Amino acid sequence: MKEDGHPVFLDLKLHDIPTTVANAMHNLANLGVNMVTVHTLGGSEMIRNAKAAFNQGAQPGAKLIAVTILTSMDNQMLHLELHMAGNVKEEAVHLAQVAKNSGADGVVCAVNEAAAIKQACSNDFLTVTPGIRLDRLHNNDQKRVATPSEAIRNGADILVIGRSVTKASDPKKAYENVLEEMANA
Ligand SMILES: O=C(O)c1cc(=O)[nH]c(=O)n1[C@@H]1O[C@H](COP(=O)(O)O)[C@@H](O)[C@H]1O
């Protein structure tokens, strides 16, 4: 893909102790990836060490992105399973601030949180939004979903789109529909 000129988003969502993540980051940076992910729940020290190691070998402009609250989770899961006190939006904004203060270039979040995260962190702090759906009938395992036009209107910088395109009966047409919807948002 790199040889064909495509940027590479390596979505490994690393989540481990700081030293282990830093070692992995060092190796990934040397592969020439353009964007790589860690989990914010690994903590500020992990993100800081990851960024420092990534910076040593990464290409100029390569981004370290931190996942806030997975889009497959909702308020109920947050409260009952993780015992987090806030709602998803509050926790995502808080984790985005931790990520920014630890050196991340942006976060993965749901569309519904993108504008609040920009407001809390800064407009150039990247928001990468999965859970994009062209129709609301096929959410699959995603709990916090939005359309491409909602994503653009909420200030999302990068849309992650999987099954709405890959599982469509005509993936090329579905992809073109996404581009058209984004352009008209
Ligand atoms: O880091 C991610 O990209 C990610 C974070 C998140 O909170 N939710 C999420 O769905 N993703 C990824 O985004 C993609 C979404 O795929 P679809 O649900 O098929 O559009 C999957 O590859 C997920 O691993």
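**View 1. The residues around the ligand.** The shell in this predicted model is made up of Asp11, Lys13, Val67, Leu70, Thr71, Val108, Pro130, Arg133, Gln142, Val160, Gly162 and Arg163.

View 2. A polar side-chain atom of Asp11 is placed 2.7 Å from an oxygen atom of the ligand, and a polar side-chain atom of Lys13 lies 3.2 Å from an oxygen atom of the ligand. In the side chain of Arg163, an N or O atom is 2.7 Å from an oxygen atom of the ligand. The ligand taken alone exposes 500 Å², and the protein buries 80% of that.

View 3. The UniProt record, in an unreviewed entry, lists residues 1-178 as "domain: Orotidine 5'-phosphate decarboxylase".

View 4. Six strands form an open sheet with parallel pairing, and their order is S1-S2-S3-S4-S5-S6. The edges are taken by strand S1 (9-14) and strand S6 (158-159), each of which has a single partner strand, so one side of each is left without a neighbour in the sheet. In general, the strands of a sheet pair through backbone hydrogen bonds, in either a parallel or an antiparallel manner.

**View 5. The pairing of S1 with S2.** Strand S2 covers residues 35-39 and runs parallel to S1, with three bridges joining the two strands. Leu10 stands opposite Val36 in S2, while the bridge partner of Leu14 in S2 is Val38.

**View 6. The two covered faces of S2.** Because five of the five residues of S2 are buried, this strand is largely enclosed by the rest of the structure. Met35, Thr37 and His39 are buried on one side of S2, and Val36 and Val38 are buried on the other, so that both faces are covered. In a regular strand, side chains alternate between the two faces of the sheet.

Notes: Residues are numbered from 1 along each chain as its sequence is written. This is a predicted model: local features need pLDDT of at least 70, side-chain atom pairs count only at pLDDT 80 or more; totals for chains, interfaces and linings use all residues. Side-chain values use heavy atoms; hydrogens and water are left out. A residue is near a molecule or strand if one of its heavy atoms lies within 4 Å of it. A polar contact is a pair of N or O atoms within 3.5 Å; within protein, one must be able to donate a hydrogen and the other to accept it, and residues adjacent in sequence count only if both atoms are side-chain atoms. Accessible areas come from the Shrake-Rupley method with a 1.4 Å probe; for residues, only the protein chains shown count as cover. UniProt positions are given in the numbering used here, feature names are shortened, and annotations may be inferred rather than shown by experiment. Two strands pair if DSSP finds at least two bridges between them. Helices (H or I, at least four residues) and strands (E, at least two) are DSSP runs, numbered from the N terminus. Buried means under 20% relative accessible area, exposed over 50%, partly exposed in between (1.4 Å probe, protein chains only).
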